[in-house]
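Colleague: Could you take me through this complex? I would like to discuss an interface and a ligand site.

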Amino acid sequence: MSLFSYLFQNFGSIMQIAGIHALLSIEGTVLGAIVAIPFGLWAYRRPGVRRFAAAVAETIQTIPSLALLAILMIWLGMGNTTLVATLFLYALMPMLHNTVEGLLSVDPGLVEIAKGLGMSNRQALWRVQVPLASPIIITGFRMALVTSIGIATVGVFIGAEGLGSLIYGGMQVQSASQIFAGAAPAALMAIIFDGFLAFLAVRAGRRSLRLPRLHLRNSPSAQTPLKGDG
Amino acid sequence: MSEATFRGYERGFQVLEFQQVSKSYRDGTIAVRDLNLRVERGEFVVLIGPSGCGKTTSLRMVNRMVEPTGGSLLLEGRDVTSYDPVQLRRGIGYVVQQIGLFPHMTIAENIEVVPRLQGWSPQRRSERTAELLQLVGMDPGTYRDRFPHELSGGQQQRIGVLRALAADPDLILMDEPFGALDPITREQLQDELKRLQETVHKTIVFVTHDMDEALRLANRIAVLRQGQLLQYDTPAEILRNPADDFVAQFVGRHRLAEMQVPHIVRDIMNTRPVTLGVGASTEEAFALMQSRQVDTMLVIDEQGSLHGYVSALHLAHKRAVGRTLGEVCEQDVAVVGPDEDASTAFNRMDQEHLQYLAVVDEGQLKGIVTRRSMVRALAAAIWGDAQ
Amino acid sequence: MTGIWPDIVAHGALIWQDLLQHVEIVFISVAIGCLIAIPMGIWLTRRPRLAEVVITVTGLIQTVPSLALLALVLPVLGVGLVPAVSALALYALLPILRNTYVGVRGVPAGTVECAKAMGMNRMQVLSRVELPLAAPVIVAGVRLSTVYLISWAVLAALIGGGGLGNLILEGLATYDFGLIIAGAVPAALLAIAAGLLLSWLQRALTPVGVRRLAAGERGAA
Ligand SMILES: Nc1ncnc2c1ncn2[C@@H]1O[C@H](COP(=O)(O)OP(=O)(O)OP(=O)(O)O)[C@@H](O)[C@H]1O
Ligand SMILES: [Mg+2]
C-alpha cells in the first residue's frame with residue numbers, strides 16, 4: 001500500500017494516537033516540572049543540596065530509556081503509568097538544572113536593588129529573579145518535553161499507548177508506510193513543541209529585558225566607533 | 001616572485017616607510033588615505049587621533065593583518081607584500097588593546113610563543129623568559145608558572161609587552177596597549193616602556209588616543225584624522241607649531257598654556273617623592289634609600305601628612321635599629337606651599353643651601369622640589385618635552 | 001532488590017557477551033562520529049553561512065525520536081550490524097558536530113587574531129590555540145553522544161544490532177523479569193560509567209588556565 005493512501009485511510013486513528021502520545025509526554029513532563037522547579041527554587045541557594053540533586057538527576061538521565069522503562073515495569077506493571085513515571089524521572093534533570101542555572105544567572109546586584117526598594121526575600125524571588133530566569137527555565141521545560149516525546153515512542157515495549165505502537169507494529173510487518181505514519185508525527189510533534197517553547201522563551205526574555213544577551217557575536221563593523229570627529 | 005622571509009630579528013631592521021598607503025574596506029569606508037610616513041630605526045613613533053581615524057588599520061597593515069588597497073609599505077626597502085606573512089609576523093612584535101594573553105598557557109608559555117615558533121631550544125627559551133620577567137621586576141620563580149587570570153591587569157599587560165619582545169624583534173607594534181588600565185598603573189607602565197625602549201633600542205610604533213601618553217612616550221607623533229595624516233613631528237614641535245586648528249584642539253589648550261615658563265611650585269615639583277610611613281622600620285628605610293639611590297627620605301603618616309624626614313647619615317648615628325621612623329625622624333623639614341611662587345622657592349633653596357623643599361598643602365604632602373626637578377621643569381619649558 | 005544479583009549471575013556469560021558487543025557498537029559509532037564531525041565542525045567555522053543551515057538541520061534531526069529514526073533506517077538500509085552502526089554513527093555526529101562548531105567559534109576572535117599576528121600559520125592557530133580552548137566543549141559533545149548512543153544501542157537490537165537490547169527485548173517479550181534485569185542493569189551501569197569517565201576526561205582536557213573560567217558543559221546543546 002502506498003504511503004499516501006495509508007496515511008489518508010488511517011488519518012483519524014493516527015491523529016488519535018498522536019493525541020494520546022502528546023498527552024502522555026506532557027503529563028510526564030509537567031509532573032517533572034511540578035517537582036523540579038519548586039525544588040530548584042529551594043535548592044539553588046544551597047550548593048550542597050543542589051550538587052547532590054543534580055548528580056542524582058543526571059545519573060537518572062544517563063540510564064538508557066528502554067532499560068529504565070523495563071526496570072520500572074517490574075514494579076509498576078505494563079501500561080501508561082510506567083511510561084509516565086519514566087518520563088517524569090527523565091524530566092527532572094533538565095528542569096532542575098535550568099531552574100538553578102537560571103536563578104544563578106540573575107545579576108545579584110538586581111536582587112540587592114529589589115531589596116533596597118523594600119521587597120522581601122520572597123517578593124524579590126517572585127518579582128525579580130523568577131521573571132529574569134524564566135527564559136532559561138522555559139528552555140529546561142522545552143528540552144524535557146522534546147526528550148519525553150522521543151522516549152514515549154519506546155513505551156510500546158512496556159505496553160504503553162502512543163506512536164511507538166505504530167512504529168513497532170510497522171517494523172514487525174515490514175510496512176514502511178506504517179513506520180512513517182508513526183515516526184513522522186512524533187518527529188513533527190517534537191519539532192513543533194520545540195519551536196513553540198523556544199518562541200515562548202524568547203518572548204519571556206524580551207519581557208524581562210534580557211534580549212541583548214541573545215546577540216552572541218558582534219561583527220567588527222558592529223563595533224564601529226562613533227564617527228563624530230568630522 | 002618567490003616570497004622573501006623577513007628576518008628583522010637577525011639582520012637588524014632599518015626603516016619602515018608608508019608610501020601613499022590607502023585602505024578602503026568593502027563597505028566603502030576609507031580607513032586610511034594616501035598615508036606617507038617614515039619610521040627610522042630606534043624611533044618611538046606614536047599614531048594618535050580620534051576614534052575611527054584609521055590608527056589600528058595603519059598599524060595592522062605593517063604586519064599584513066590588513067592588506068592595503070593602495071600604495072605600498074616598505075620594510076628594509078622592500079614591499080611588505082613580498083614577505084611571507086607568517087614569517088613577517090614572527091619578526092615583528094605585536095601588543096594589543098585587550099590583553100590578548102592565551103588563557104590556557106602559563107606566563108612562560110605565553111612569553112615563549114614566538115621563540116617556540118622559531119624553534120628555540122627549551123633552555124634558551126626559559127633563560128629568555130627569566131631575563132624578560134626580571135626586566136620588569138617580576139620574579140620568574142613566582143610568575144613563570146602562573147596563568148594569566150592569576151595576574152593583575154597591569155601585570156598581564158606587562159606580559160603582553162614582554163611577549164612582543166621575546167624573540168627580540170627590532171620592530172614592535174602596539175595598539176593602545178595600556179588603554180584598559182587605571183591611570184596610575186598606566187603611568188607606571190609608560191615609564192617602564194620608555195625605560196625599556198631606551199635600554200633595548202627597539203623601533204616602536206604605538207597607537208593611542210591619549211595625548212598625554214603620546215607626549216610622554218614619543219620621539220615623533222603622527223596626528224591622524226579621518227584616515228589622513230595631519231602632522232608628523234616631534235612632541236615639542238607639535239606643541240609649539242600645531243599644523244592646524246584641529247591639531248591645536250587635539251593637543252589641548254591647557255598643554256599649550258603649560259608651554260609657558262612654570263611660575264608656581266606645583267609646576268615644577270616631583271609628585272612622587274620617595275616616602276615611607278611612620279610605622280616603617282629603619283631597616284626598610286635603608287633598603288629603600290639604597291634601591292632608589294637617595295640619602296634622605298620623607299616620612300608620612302597614614303593620612304598622607306608630612307611627619308618629618310630621615311637621612312642615611314643620622315639613621316646611622318642614632319643607633320636606630322628596631323625603632324620606627326616615627327620615633328627617630330627629624331622634624332625640621334623645609335616646607336613650601338604648592339601655589340607659592342616658583343622663583344621664591346628657587347631662591348630659598350639657593351640661599352639656605354637646601355637639598356630639597358617638601359611641598360605641603362593643608363598638612364598633606366603633595367610633592368617635593370629638588371634641584372633636579374627644577375632644572376628639568378625649566379629645560380622642558382625651554383626645549384620641549386622630549387628628553 | 002535481593003532479586004537482582006541472582007538474575008545477573010544466572011545470565012553471566014550471556015550478559016558479558018552482549019555487554020562487549022554493546023560497547024563495541026557504541027565505540028565504533030562514536031569513533032566514526034568523531035572522525036567525521038570534528039573536522040567538519042572545524043571546517044564549518046570557516047563557513048558561517050553554511051554552518052547556520054547545517055546547525056539548524058542537525059538540531060532538527062536531533063528532535064526526531066530515536067526509535068523513529070531507527071525504524072526509518074530499516075526500510076532503507078535493512079537489518080544487521082552495519083545498518084545499526086550507520087544509524088548510530090549518524091546520530092552520534094550531531095552533538096559532536098554542534099559542540100565542535102560552538103566550541104571553536106567560542107574562542108574569542110581577539111585571541112585568534114593575536115595568535116595570527118604573532119606569526120602562527122593556520123594549522124598552528126588551530127592546534128595551539130583554538131582546539132585546546134575548545135577541547136572541553138568538544139569532549140562534552142562526545143560525552144553527550146556516547147551516553148545517548150548507549151541508550152539508542154539498546155534499541156538497535158531491534159534492527160539486528162545486537163548488544164544488551166537483545167536481553168531486554170527478549171525479557172519484555174517473554175515477560176521474563178530475570179532477563180530484563182540481566183539486560184537493563186548492566187546497560188544502566190555502562191551508561192553511568194561512560195558518563196563519569198567522559199566527564200573526567202572533559203575536566204582533564206580543560207586547560208588549567210581556563211578551568212576556573214570555563215563553563216564547558218554550557219556549550220553543550
Ligand atoms: N573590517 C572592517 N570593515 C569595514 N570597516 C572597517 C573595518 N575595520 C575598520 N573599519 C573602519 O575603518 C575606520 C578606521 O578604523 P580603525 O580601527 O583603524 O580606527 P582607530 O583609529 O583604530 O579607532 P579606535 O581609536 O577607535 O581604535 C573606521 O571608520 C572603522 O569603522
Ligand atoms: Mg584602534
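Modeller: The conversation below turns to a chain interface and then to a ligand site.

Modeller: This is a predicted model, in which local features need pLDDT of at least 70 and side-chain atom pairs count only at pLDDT 80 or more, while totals for chains, interfaces and linings use all residues. Residues are numbered from 1 along each chain as its sequence is written, chains are lettered from A and ligands numbered from 1 in the order in which they are written, and side-chain values use heavy atoms, with hydrogens and water left out.

Colleague: How many residues do chain C and chain A bring to their contact?

Modeller: Chain C brings 35 residues and chain A brings 37 residues, where contact means heavy atoms within 4.5 Å.

Colleague: And what area is buried there?

Modeller: About 3,000 Å² is buried between chain C and chain A, and carbon and sulfur atoms give 81% of it. Buried area is the accessible area (1.4 Å probe) that two parts lose on being put together, summed over both. On the chain C side, C:T63, C:L67 and C:L172 supply 18% of the area buried against chain A, more than any other three residues.

Colleague: Which side chains form the salt bridge?

Modeller: The count between these two chains is one salt bridge, and it joins A:E58 to C:R143 at 2.5 Å, N to O. The rule asks for a side-chain nitrogen of Lys or Arg within 4 Å of a carboxyl oxygen of Asp or Glu.

Colleague: Which helix gives the largest share of chain C's side?

Modeller: That is α9(C), with nine residues; helices are DSSP runs (H or I, at least four residues), numbered from the N terminus.

Colleague: Changing topic, why is the site of ligand 1 called shared?

Modeller: The site is shared between chains because residues from chains A and B surround ligand 1. The shell has 16 residues, of which B:S51, B:G52, B:K55, B:T56 and B:T57 come nearest; a residue is near if one of its heavy atoms lies within 4 Å of the molecule.

Colleague: Which atom of B:K55 is close to a ligand oxygen?

Modeller: An N or O atom in the side chain of B:K55 is 2.8 Å from an oxygen atom of ligand 1. For B:G54, a polar backbone atom is 3.0 Å from an oxygen atom of the ligand, and for B:C53 a backbone N or O atom lies 3.2 Å from one.

Colleague: Where does the largest share of that shell come from?

Modeller: Helix α2 of chain B, residues 55–62, gives the largest share, three residues.

Methods
Helix = DSSP H or I, 4+ residues; strand = E, 2+ residues; numbered from the N terminus. Polar contact = N/O pair within 3.5 Å; in protein donor to acceptor, adjacent residues only side chain to side chain.
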